[in-house]
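Me: Please take a close look at one helix in this model. I would like its geometry, its surroundings and its two sides in one connected answer.

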Amino acid sequence: MAPVRRHHEHHRLNNTGWLRAAVLGANDGILSTAGLLVGVAAATPTREQLLIAGVAGLVAGALSMAAGEYVSVSSQSDAEQAELEVERQELATNAEAERAELAGIYVRRGLTPALAREVAAQLTKHNALEAHARDELGLTPHARPRPVQAALASAGAFAAGALLPLAMSVVAPLDKANMVIAATSLASLALLGAAAARAGGAPALKGAVRVVLWGAIAMAFTSAIGKLFGAAI
């Protein structure tokens, strides 16, 4: 018999958690800050006004992303802890029924009833709560919510994305600032969308077009508002 060769499969789904947070934060940082700056630049401001608006948008946006992500992930963590407490109580008061429930899950996944009961018994003996958390509730240690980590990652990604349009507001000629900021931001959004799509195994062009389309629409609206009112939005 030929020896079994070890191999490693790379599944892109393993990247979806951090990828979603990073892309969302950077995309929002570019788009929010660029939209703000394009609107302000269309209202013919001074360089100082443009910079103040950009810095304020970066700080407010990063803190907002951090707070929102922290609250969201904390709520998820609280819900998971509540579910685990229910399972802990059930295991303490009705262990036999819980073991039968676990065996039923394995039967539905394709095991024979006898084997399912044996697997349920072995896993219950090893760590009953962990088995129920994983196989009944779908909770795994590596996917445990981390509110502080999520908040810092979102804030960092937003700030990183916002730096590009902010830098363009410094170097671009004031009379062409809105066009330069919009063009460079849309190009960055295209690269970000393409990279995110490729990392997730989707077509790069589709990802780029999608994010550029909505970015262009958002900046067109803010530019029109800036020109209409002639004031910083």
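Reply:

The model is predicted. Helix α3 covers residues 95-108, which is 14 residues.

Now the buried side. In α3, the buried residues are Glu-98, Leu-102, Ala-103, Ile-105 and Tyr-106. Viewed down the axis of α3, these residues fall within an arc of 150 degrees, so they line one face of the helix. Their cover includes α2 and α4, the latter spanning residues 113-135.

Next, the opposite side. The face of α3 turned away from the buried side carries Glu-96 and Arg-108, and both are exposed.

After the helix comes Gly-110. Its phi is positive, near 120 degrees.

Helix α2 spans residues 47-93 and supplies at least two residues of a nonpolar patch. Helix α5, residues 147-171, also supplies at least two. The patch is formed by Tyr-70, Val-71, Val-148 and Leu-152. Together they have about 410 Å² of accessible area. Val-148 sits in α5. Its relative accessible area is 51%, and the cut-off for exposed is over 50%, so Val-148 counts as exposed.

Terms used. Residues numbered from 1 in each chain as written. Predicted model: local features only at pLDDT ≥ 70, side-chain atom pairs only at ≥ 80, totals over all residues. Heavy atoms only, no water. Patch = residues over 30% accessible without salt bridge, like charges linked within 9 Å, V, L, I, M, F, W, Y side chains within 5 Å. Areas by Shrake-Rupley, 256 points an atom, 1.4 Å probe, with all protein chains shown as cover. Salt bridge = Lys/Arg side-chain N within 4 Å of Asp/Glu carboxyl O. Helix = DSSP H or I, 4+ residues; strand = E, 2+ residues; numbered from the N terminus. Buried < 20%, exposed > 50% of the residue type's maximum accessible area, 1.4 Å probe, protein only. Expected span 1.5 Å × (residues − 1). Arc of directions from axis to C-beta. Contact = heavy atoms within 4.5 Å.
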